[in-house]
Amino acid sequence: MFTLVPDAFAWIRERRPLAAVLGTELELRIFNYRDTTPLSAGQVDDEPYGGGLGMVLRVDVVAAAFDAAYGGMPDHRVVALSPAGRQLDQELVEELAAEPALTLLSARFEGFDQRILDHLCTDAVSIGPYVLSGGEIPALAVVDAVARRLPGALTEGSAELESFSAALDRGLEYPHYTRPSEFRGWSVPEILLSGDHGRIDAWRRERVRSVT
Ligand SMILES: C[S@@+](CC[C@H](N)C(=O)[O-])C[C@H]1O[C@@H](n2cnc3c(N)ncnc32)[C@H](O)[C@@H]1O
């Protein structure tokens with residue numbers, strides 16, 4: 001992860017599923033562009049050519065960060081978090097989770113110098129058609145979604161039957177209920193209390209079809 005806000009990634013290391021795979025299936029390294037910038041006074045961005053408001057993350061700053069972290073260009077996929085990128089969905093999450101290594105780049109303010117996207121990245125990923133203030137929340141979304149696909153992240157089998165999984169034909173999951181079976185007159189569907197696992201399974205599959 002390359003960022004201007006390294007603190008944004010502190011809490012996620014201590015929470016499952018990330019905590020369960022850190023140090024085994026996953027190594028997470030956070031780099032601050034300011035630590036390796038070739039410019040003075042920690043400068044990382046500059047005014048846009050052609051005019052306009054906002055500051056743009058400089059291409060030489062990102063290249064210097066790669067030199068420091070990898071001794072040049074990374075030899076794996078480099079994903080810029082950008083509203084203009086491919087929208088993140090479960091298929092893309094599974095594709096990214098199969099990669100041996102990933103670099104994620106966050107920007108803030110006006111975003112990336114286009115040459116970062118054109119020459120230093122292999123992919124651009126968006127977490128949805130809206131604009132956030134920085135790439136850290138999108139990067140956290142990618143890391144969390146990818147980490148829970150790694151072996152040991154979740155209780156065995158618990159990610160097999162969830163929304164967008166192949167087992168549910170990429171559909172939405174059926175609803176869940178727990179105790180109490182009755183609360184303020186709101187009851188749990190009778191079938192779930194029946195103990196008849198064949199009928200419960202059929203009911204759940206029907207719910208998947210109707211909510212998807
Ligand atoms: C304020 S935004 C820049 C918006 C950009 N000027 C535009 O109009 O598309 C700053 C940074 O936040 C991140 N970002 C914001 N929204 C995002 C989204 N929906 N998906 C992924 N990254 C996003 C990107 O790293 C972006 O460069």
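This is a predicted model: local features need pLDDT of at least 70, side-chain atom pairs count only at pLDDT 80 or more; totals for chains, interfaces and linings use all residues.
Student: How many salt bridges does the structure hold?
Tutor: There are twelve salt bridges. The term denotes a side-chain nitrogen of Lys or Arg within 4 Å of a carboxyl oxygen of Asp or Glu.

Student: Which residue does Arg58 pair with?
Tutor: Arg58 forms a salt bridge with Asp46, and their closest N and O atoms are 2.8 Å apart. Arg58 lies in the loop between strand S4 (56-57) and helix H4 (59-70), while Asp46 is in strand S3 (residues 45-46), so the pair ties together parts that are twelve residues apart in sequence. Helices (H or I, at least four residues) and strands (E, at least two) are DSSP runs, numbered from the N terminus.

Student: And Glu95, what is its partner?
Tutor: Glu95 forms a salt bridge with Arg77, with the closest N and O atoms 2.9 Å apart. This pair links distant parts of the chain, since Glu95 is in helix H5 (residues 90-97) and Arg77 in strand S5 (residues 77-87), 18 residues apart.

Student: Is Arg77 buried or exposed?
Tutor: Arg77 counts as buried, at 16% relative accessibility, whereas Glu95 is partly exposed at 30%. Buried means under 20% relative accessible area, exposed over 50%, and partly exposed in between (1.4 Å probe, protein chains only).

Student: Which residues are linked with Arg77 in a network?
Tutor: Arg77, Arg86, Glu95, Glu99 and Asp123 are linked in a network of salt bridges.

Student: What about Arg29?
Tutor: Arg29 forms a salt bridge with Glu27, the closest N and O atoms lying 3.9 Å apart. Arg29 is partly exposed, with a relative accessible area of 40%, and Glu27 is exposed, at 65%.

Student: Changing topic, which residues make the nonpolar surface patch?
Tutor: Tyr130, Leu132 and Ile137 make a patch of about 290 Å². Patches are made of residues with over 30% relative accessible area and no salt bridge, with like charges joined within 9 Å and nonpolar side chains (Val, Leu, Ile, Met, Phe, Trp, Tyr) within 5 Å. Accessible areas come from the Shrake-Rupley method with a 1.4 Å probe, and for residues only the protein chains shown count as cover.

Student: Where does Leu132 lie?
Tutor: Leu132 lies in the loop between strand S8 (123-126) and helix H7 (136-147). Leu132 is partly exposed, with a relative accessible area of 35%.

Key:
Residues are numbered from 1 along each chain as its sequence is written. Side-chain values use heavy atoms; hydrogens and water are left out.
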